[in-house]
Structure formats: C-alpha cells, structure tokens
Amino acid sequence: MSEQTQLPQYGYVGKIAWIDLTDQSVKIIPTSNYAPKFIGGRAIATKIYWDVTKPGMKALDPENPLMFMSGPTTATGIPTGGRTSVCAMAPNNLPEQFCWGNIGGWFGAKLKFAGFDGVVIVGRAEIPVYLKIDDGEITFHDARNLWGTLTHDCQEKLSLIHGKEAVSVVIGPAGENLCRNASINTSNDNVAAKAGFGAVMGSKNLKAIVVKGTGDVRPYDVDMVLKLRKTMGNPQRKANPVEHLDRCAFRAHINFETEPGAVKKTNVSCSHGCNMRCNLFVLDTKSAFPRKVTNQVHKCIGVYAFQMTEDCGMSPGMFFHTEKNHNQACLGQGAQVPPPPDTSDPYLEELMTRRPGSTMNFWDGDYDRGNVINDLCTQYGIDKWDVIVWLMTWLVMGKRTGVLENMDLGMEIDPGSEEFMKHLLDMITYRKGYWGNLFAEGMARTIRTLGKQKYGETIYKGIISNVVPGLQLDIPISFESSWGHCFHWQGRGFQGSPPPGYYLSSTLMLMTNTRDAQTNSHVHGTLDYMKETMDAHKACLNRKVAENAFMGEIKAEMKECVTCCDLQSPQIFWPDMECQMLEAATGIKMTEEELYLACERSKNLFRAILMRDSDRCRAQEEPEAYRPLQYPDCEGQTVAPEEFAKLVDLYYDVWGWDRETGWPTRETWIRCGLEDVMEEMERLGKLPPDKSSKEQ
Ligand code: SF4
C-alpha cells in the first residue's frame with residue numbers, strides 16, 4: 001500500500017490544542033502524531049480517545065475528553081469540507097459509550113484559520129467560563145454573566161464582545177442543567193445533539209467556545225478544488241430569493257394551508273465552502289420567548305413539529321438510485337434543495353410509484369406550533385429528535401392507549417398544543433419537579449424508570465399501511481431502537497417507507513455503532529439492489545445486504561475524517577469522489593481501496609474502544625439492534641431473530657470479525673495496521689481463536 005506517513009503541508013494546519021479547564025492550561029500536540037494514518041476528524045478523535053481514556057470513566061466526569069476535529073478538506077473550499085466531528089463519551093446513550101456527532105456551521109473552518117486542526121477539552125472549570133481561540137492564542141473568560149442565557153442570546157452577546165467575525169459554539173440552559181439530551185449549537189443553528197454533548201460541556205462549566213482566525217488553509221491543487229466545486233452534488237448557484245408562501249410545504253407530506261404569506265423561506269448552505277444550499281432558512285417565525293419573532297434553520301427532523309400525519313415521504317431516487325435519479329439521504333424532500341427528477345430516466349415511472357409507507361395521524365398541521373417547538377429546542381439547546389420523534393409520539397400513543405392515564409404533568413397531555421409543549425419543555429430544561437427531572441434523563445432512561453414493559457412495549461394499533469390498504473401495523477408506543485436512540489429509517493413507526501434492503505442495512509449499521517447512525521450513514525443502493533431485496537426473509541440470506549451496510553459504514557467513516565457530508569456522499573455512481581477530495585486538499589493520492597482500508601482502521605479502533613470499555617460483543621449488540629424488526633414494516637413483513645442472526649453472520653464476515661464473538665480477528669487487526677491494539681485485545685482475552693471466519 002502506498003500510504004503516506006508524513007503530514008503533508010497542505011490541507012492540515014498541523015496543531016491540535018489540548019485544553020485543560022481545571023488548571024486553565026493549554027498544550028499543543030502536533031497533528032502529525034495522528035495523521036495521515038488517521039486521516040482527520042473522527043478518526044483522529046477516536047485515536048486520541050483510545051490513547052487517553054480508561055474503562056470506567058463516565059460521560060460527565062471531568063476526564064471525558066470533548067473533541068472538536070476538522071478534516072483535511074475543511075476550509076479548503078472543497079464542498080462539504082466545512083463539517084466538523086464532535087466526539088466524547090455520550091451521556092444520552094444507554095449505556096454511556098464513546099460516541100460521535102457532526103456539525104455544520106463555520107466553527108471548524110474558523111478553527112483552522114486560527115491555526116488548529118482540532119481541540120481536545122478536558123477538566124472542569126471552577127466557575128462558568130468560555131474559551132476564546134484567536135489566531136493561535138487560547139484564553140479563558142468568566143462566563144457567569146452568560147450562564148442561564150438562551151443559545152441565541154448567548155451568541156449575540158459573544159458577537160457584541162468579540163465582533164461579528166467571531167463564530168461560536170454554545171450550550172443553552174439544558175446543557176447547563178445536565179439534561180442528557182442537551183445539544184451544542186453553532187451560530188447558524190446546526191447542532192451536535194443526539195449524544196447529549198451539551199451536557200458534557202455543561203459538566204465542564206463551559207458555556208461557549210468563540211473562534212476568530214485570519215490565517216488561511218492551502219489546498220494542494222486549486223484547479224482540482226475548482227473542478228470539484230463544479231462537479232460535486234447538485235450545485236445551486238442561482239439567485240436564491242426569499243419566497244412568501246401560503247402553504248407550509250417543507251416536505252411533500254407536510255403540506256397545509258397557513259395565513260397568507262406566513263411562510264417566508266429560502267435555502268442556505270450549512271457550512272463553510274459548500275456549494276449546496278441544503279438548509280431551509282425560515283424567516284419571521286413565531287418565537288416561544290419574549291422576542292416574539294425569530295428566524296430558524298431546518299435540515300431534517302424539525303419539520304415534523306409542524307405536522308405528523310403520514311410517514312416520512314420520499315422523492316424519486318431517494319431509496320432506489322438510478323444513474324439519472326439518485327438523491328442523497330433526505331435531500332430533495334422539500335426541506336432542502338429540491339432537484340426536479342430527470343425525466344429522461346427510463347425508470348422514472350417506476351420510481352414515481354413509491355410513496356409514504358403508512359398513516360398515523362399524530363398531530364395536524366399548525367405552523368405556529370411547529371415554529372414554537374423548534375424555537376424551544378434551539379434556544380434551550382435540546383435534541384429535537386428526542387423531543388419531536390420520541391417524546392411527542394410517545395405522549396400521543398401513550399395517551400391513546402391509556403398508558404399515561406395516571407401521569408399528572410400539570411396540564412392536559414396534548415403534544416398538538418403549543419402551550420402544553422412550552423410547559424413541558426420548560427419543565428424538562430430546568431428540571432422542575434419529578435417529571436421534569438425524569439424527562440431530563442432522556443427518553444430511554446425515563447421509560448426504564450417508569451417500567452419498560454408497560455411504558456415502552458404496550459402496542460399501539462393506530463398506524464395503517466398505505467402500501468397494503470387497511471393493514472394495521474402494530475408497533476410499540478415507544479419508538480426506541482438501540483443504544484438509547486429512537487427509530488430512524490428502520491422501516492417502522494414514522495418511517496415505514498424504506499424497503500427491506502434499506503432498513504436491514506440501517507439496522508446492521510446501528511448494531512455496530514453507539515447511536516443512531518443514520519444521520520451520517522444513510523443507506524444508499526441501486527434500484528436493482530433494492531428490488532432484489534424486497535423480500536425481508538430472503539434478504540437476510542443475501543450477502544449483498546451485508547456488503548451494502550459495510551459500504552455505508554465505511555463511507556460514514558470517510559465522511560467523518562476527510563471531511564465530507566451525508567448530503568453529497570456517497571455518490572454510488574462516482575465511487576472515488578472522496579479520494580479526489582483528499583488529493584485536492586492534501587496531495588495524498590489514495591486508491592479507493594486504500595481509502596477504504598484507512599476507514600476500516602478507524603472503525604476497528606472504534607470497535608476496540610467499545611470492546612475495552614463497554615464489553616461490546618455479538619451477544620450484546622445483536623439483540624440490541626434486532627428490536628424494531630419484530631414489528632411489521634409497511635407490507636406487514638417481520639423478521640425473526642434467527643433470520644437476523646444469519647444476516648449478522650454475513651456482516652461479520654465482510655468486516656473480518658469472528659462470527660461467534662463479533663471481535664476482529666488477528667488477520668483484521670494486522671491488515672488495518674493496528675498490531676498494538678491487537679496486543680491489548682489479546683491481553684484482555686478478546687482476540688478470537690486463530691481461524692478464518694470468512695464464508696467459504
Ligand atoms: S451538502 Fe448541504 S448539509 Fe452538506 S455540507 Fe453542504 S450545505 Fe451542508
């Protein structure tokens with residue numbers, strides 16, 4: 001393998017800051033300690049975590065290293081490179097485990113302009129502080145006058161102090177109060193939310209990080225960068241005026257009348273240097289707070305606060321990719337840039353027959369309520385997934401089934417009511433009373449405290465299939481999937497649309513992760529692949545499903561280290577796109593296979609952390625991932641545990657992991673250049689016996 005061992009002078013800026021809040025000290029670590037063997041972003045953070053943490057550490061302990069890591073494409077002008085990895089032990093995972101998030105915004109790029117590829121933050125300040133990173137200098141500032149502020153208010157105050165060119169990441173009151181579902185928010189409302197990293201910042205008494213930088217980041221090949229800017233994604237460079245609409249139609253299935261002209265929207269990029277405009281920017285929306293009116297940025301789940309009557313819909317080419325119509329992840333559903341379908345596609349008619357999988361009628365359209373709920377989550381700094389998709393749906397289904405009849409929340413339970421949601425989120429954010437304290441522990445822990453059998457497993461009978469008219473789809477009142485996270489593209493609940501080839505792959509990805517993996521590893525597959533795997537039972541015996549999940553996982557690692565973005569990668573009809581991005585940024589030439597191997601390395605190191613700290617093995621992760629598959633998809637198909645087990649066998653084979661334990665084999669560790677990790681696994685008794693587990 002022609003792997004480069006020296007840190008190139010292009011793409012990287014060469015330094016990582018180690019910041020200790022306890023004694024207010026800063027150490028500089030050369031990026032070359034890690035890269036290019038670990039390419040960047042999450043891969044570097046994973047290596048640091050492996051090196052510096054010990055089993056037994058808790059998410060809110062001062063030792064938990066909270067890391068913000070850019071990639072070599074960040075700030076080079078290569079589209080999508082502006083996104084940044086956030087990693088640490090996660091408080092909202094069940095159990096707490098090493099985890100990752102990924103944010104847009106300008107923070108990562110500014111960090112590099114200030115001279116750092118990343119920062120590692122440990123310790124706990126005695127009083128609330130914020131950090132200022134300014135052209136190589138890192139200083140600690142008293143944040144007592146910011147503590148308690150809402151996220152937008154905090155960002156505005158920091159802008160007043162440090163100027164408009166300063167960008168920040170901040171926490172809101174939810175993070176300060178150690179709510180397990182607290183987010184870290186950028187200046188443009190991008191968030192690292194699902195893992196609860198806002199609580200990690202809160203536990204460190206760290207309110208915000210402000211960055212100013214005037215340096216530059218030199219890419220290796222400017223012409224190549226310019227070419228990538230023209231060829232990646234579906235560039236939307238046309239004028240982008242604000243539209244005044246009389247309908248709320250952010251997605252095909254979220255479409256209802258509003259006051260004339262109530263919706264004022266446009267599309268914007270989420271981060272530095274991107275050529276797409278995936279974020280929906282909505283202006284003059286109703287606020288939950290005294291400012292009365294605010295602006296909001298949406299990319300994904302927030303739109304469900306407006307209406308939830310049908311499954312998440314899809315556009316032609318979203319699940320079934322053809323060469324002429326293949327949309328990335330959720331792109332094109334209307335919340336983001338809506339590319340019209342290519343009508344010369346011979347498969348278009350077939351693609352257009354796909355539709356939302358089921359109807360559930362949870363709450364009707366209400367533009368103001370949707371805006372207020374989104375505003376509450378953003379300003380308190382709380383995860384919208386935990387609130388909108390899990391808590392709100394659980395309250396609706398729990399109430400309809402009678403499970404919540406003795407629950408006194410101080411108001412009638414009604415997630416369709418703006419006033420109720422204000423009351424509820426205030427209770428949670430400020431941990432008011434028994435219920436506020438309980439919900440602040442996140443949905444997974446709340447349900448266990450109340451009693452999982454009744455409060456998690458009671459069956460709701462109100463979801464009806466659109467695909468098999470009249471078919472009732474019985475699912476539990478709690479949309480819980482694995483590791484303390486909720487359903488996401490698992491073919492059930494509010495997302496019954498994806499076919500088995502999709503949801504089986506997404507379940508495998510979830511199995512080997514520590515959180516909902518579908519925010520950066522949405523499944524991608526060709527029309528032929530999806531058609532071949534429409535029978536869930538046969539699909540469990542099809543190695544292509546395992547290979548599809550493997551490709552998704554590898555590409556997810558790539559997105560987190562190169563850095564790239566789920567809404568432009570992977571392009572299954574342009575497989576070496578990320579190689580070209582890496583070369584343009586750094587000059588490192590890698591074949592597709594070499595980049596795959598580098599990503600396998602970081603994924604296996606991630607697995608080693610889980611094996612060392614959390615006893616990760618097949619016996620733990622297979623039943624954890626299986627849960628949603630026992631319930632019917634939109635065609636009424638369920639998957640038996642023994643069928644899923646056969647698919648897991650195939651998946652482990654593809655990774656080079658032992659079928660019995662799920663642990664990487666000696667051959668796999670050596671292939672990935674992780675002999676030192678292998679020795680540690682051997683010492684822990686977690687190296688499988690020497691035999692090939694590959695399918696013969
Ligand atoms: S493709 Fe969209 S979501 Fe991804 S980095 Fe670009 S603007 Fe952001």
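**Reading the backbone**

Modeller: Proline 95 is found in the loop between strand S4 (84–90) and strand S5 (97–103); strands (E, at least two residues) and helices (H or I, at least four) are DSSP runs, numbered from the N terminus. This is a predicted model, in which local features need pLDDT of at least 70 and side-chain atom pairs count only at pLDDT 80 or more, while totals for chains, interfaces and linings use all residues. Residues are numbered from 1 along each chain as its sequence is written, and side-chain values use heavy atoms, leaving out hydrogens and water.

Colleague: Is the peptide bond from leucine 94 to proline 95 cis or trans?

Modeller: Most peptide bonds are trans, and most residues other than glycine have a negative phi. The bond from leucine 94 to proline 95 is cis, with omega near 0°. Valine 562 and threonine 563 are also joined by a cis peptide bond, with omega about 0°; threonine 563 is found in the loop between helix H17 (543–562) and H18.

Colleague: Where is arginine 431 found, and what is its phi?

Modeller: Arginine 431 is in the loop between helix H10 (418–429) and helix H11 (433–439), and its phi is near 50°, a positive value in a residue other than glycine. Tryptophan 489 has a positive phi near 55° and lies in the loop between strand S23 (475–476) and helix H14 (500–511).

Colleague: At what angle do helix H6 and helix H18 pack?

Modeller: Axes are lines fitted to C-alpha atoms over the stretch in contact, and angles run from 0 to 180 degrees between N-to-C directions. H6 (residues 222–231) and H18 (residues 577–586) pack at about 145°, with their axes 8 Å apart. Met224, Val225 and Leu228 of H6 make the contact with Gln580, Met581, Glu583 and Ala584 of H18 (heavy atoms within 4.5 Å).
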